[in-house]
Amino acid sequence: MDINELLKKENLKRHEIIYLLGLSDEKEINLLFDRADEVRRIYCGDEVHLRGIINFSNYCEQDCLYCGLRKSNKNITRYRMSPDEVVEVAHKFINKGIFTIVLQSGEDSFYDTDKIAYIIYSIKQKADVAITLSLGERDFEEYKTWKIAGADRYLIKHETANPKLYAALHENQKLTERLEHIRFLKEIGYQVGSGNMIGLPNQTLEDIADDILLCKEYELDMAAFGPFIPAPGTPWQNKKPGDVLLTLKTMAVARILLKDVHIPATTALATLDENGRIKGLKVGANVIMPDFTPSPYRENYQIYANRKCVKDNPDDCRSCLQLQIESIGRKVSNSRGDSLKLFNQAN
Ligand code: 5AD
């Protein structure tokens, strides 16, 4: 296949995606990365959106094989922040120039419909920020209530588009159900983000191609591709971590195919590679999601070990990231960074 011809195509077929993911020649990989960077510039511009995450509870009712928060992991210290504490942290970072707050936790029904609605409403009352929820699979009625309370976006990873692999990773959950949640969330007006993990045991390039195609099929507003990192205290603690280069290739192909979608340079990528964030921003990413959870909670949100920046003071995050972003000629966005799809459809 002629790589230059392939990279110019408007639409990539499944076998072409697989071919690009399998590239091993350095020159060809660089052509892929350059094209992804160009598509990012055309569709998203030079702005990088910072989405501030508050991991407000690490309790989880699920038992996913890869995740350190799984309920059978007795080796982590569990915590819950009070709703008022969450609101206070959110306002502190909003005042520092953050325009999206991501409320994230394990699947923890302690935070019922009303508690979450209270947090959303209280944050929104004082500031025009976007609120993203990342709470796992919840009741469809709750999704509706939280939308009315002011939530804008929902983050729910599909993890893998291979139904057999999905079933092997999740004791009580099925891919079809996860996809129903994604469909419903889109239907009722959330901007929806999903994505996969790269380097899951037995995962193939075909599976990863299907992950990218799933993001297209569901017209997702954000697509996150992050490497798997073995988590202590889980059945997969001794597995190999995902490959950084394959993650970067996946992000690049996704950018070329999905065009105006938001793509984050994930914390997992930055954990495996010192320069992961910058490398990600150069191959299609336009979003970074720093962790604003305060101490002493932040060190206990151990979905995997040695999470990047976990020991740093979140008060310094914004200026530290700004320096890094500006060092490669990009700039920190000072808008909410809503779905580019909504914008493109309206115009
Ligand atoms: N490595 C990488 N990502 C992980 N996640 C959970 N555990 C791991 C891990 N070991 C990601 C998954 C999940 C989210 C909570 O974090 O994508 O959806």
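# Chatting through a predicted model

Me: Hi! Which residues does tryptophan 146 touch?
Reply: Leaving aside residues up to four places away in sequence, tryptophan 146 touches Asp112, Thr113, Ile116, Ala117, Ile120, Leu133, Leu135, Arg138, Ala151 and Tyr190. Contact here means heavy atoms within 4.5 Å.

Me: Before we go on, what are we looking at?
Reply: This is a predicted model, where local features need pLDDT of at least 70, side-chain atom pairs count only at pLDDT 80 or more, and totals for chains, interfaces and linings use all residues. Residues are numbered from 1 along each chain as its sequence is written, and side-chain values use heavy atoms, with hydrogens and water left out.

Me: Thanks. Which members of the largest nonpolar core touch the most other members?
Reply: Those are Leu103, Leu133 and Trp146, in a core of 102 residues. Helix H10 (residues 244-258) gives the most to this core, with 10 residues. A nonpolar core is a set of buried Ala, Val, Leu, Ile, Met, Phe, Trp, Tyr and Cys residues joined through side-chain atoms within 4.5 Å. Buried means under 20% relative accessible area, exposed over 50%, and partly exposed in between (1.4 Å probe, protein chains only). Helices (H or I, at least four residues) and strands (E, at least two) are DSSP runs, numbered from the N terminus.

Me: Which residues does the second core include?
Reply: That separate core has 6 residues, among them Ile53, Leu155, Met222 and Met289.

Me: Now helix H2. Which of its residues are buried?
Reply: In H2 (residues 14-21), the buried ones are Glu16, Ile17, Ile18, Leu20 and Leu21.

Me: And what covers them?
Reply: The cover for the buried residues of H2 includes helix H1 (3-8), helix H3 (26-44), H9 and H10.

Me: Switching to the ligand: which residues surround it?
Reply: Around the ligand are Tyr66, Cys67, Lys157, Glu159, Met197, Pro227, Phe228, Ile229, Ile303 and Tyr304. To count as near, a residue needs a heavy atom within 4 Å.

Me: What about polar atoms of lysine 157 and glutamate 159, where do they lie relative to the ligand?
Reply: Lysine 157 has a polar side-chain atom 3.0 Å from an oxygen atom of the ligand. For glutamate 159, a polar side-chain atom lies 2.4 Å from an oxygen atom of the ligand. Isoleucine 229 uses its backbone: an N or O atom there lies 2.6 Å from a nitrogen atom of the ligand.

Me: How much of the ligand's accessible area does the protein cover?
Reply: The protein covers 84% of the 400 Å² that the ligand has on its own. Accessible areas come from the Shrake-Rupley method with a 1.4 Å probe; for residues, only the protein chains shown count as cover.

Me: Back to the protein. Is aspartate 260 buried or exposed?
Reply: Aspartate 260 is buried, at a relative accessible area of 11%. Aspartate 260 sits in the loop between H10 and helix H11 (267-272), and its side chain makes a polar contact with the side chain of lysine 341 (2.9 Å). A polar contact is a pair of N or O atoms within 3.5 Å; within protein, one must be able to donate a hydrogen and the other to accept it, and residues adjacent in sequence count only if both atoms are side-chain atoms.

Me: And aspartate 46, what does that one touch?
Reply: Not counting residues up to four places away in sequence, aspartate 46 touches Arg40, Arg41, Gly329, Arg330 and Lys331. The side chains of aspartate 46 and arginine 40 make a polar contact (2.9 Å). Aspartate 46 lies in the loop between H3 and strand S1 (47-57) and is partly exposed, with a relative accessible area of 27%.

Me: What is phi for asparagine 202?
Reply: Near 75°, a positive value in a residue other than glycine. Asparagine 202 is in the loop between strand S5 (191-198) and helix H9 (205-217), and counts as exposed at 72% relative accessibility.

Me: Where is the cis peptide bond at proline 296?
Reply: The bond runs from serine 295 to proline 296, with omega near 0°. Proline 296 is in the loop between strand S7 (287-288) and helix H13 (317-327).

Me: Last one: how many disulfides?
Reply: The structure holds 0 disulfides, a disulfide being a pair of cysteine sulfur atoms within 2.5 Å. The sulfur of cysteine 64 has its closest cysteine sulfur in cysteine 60, at 6.2 Å, so the pair is too far apart for a bond.
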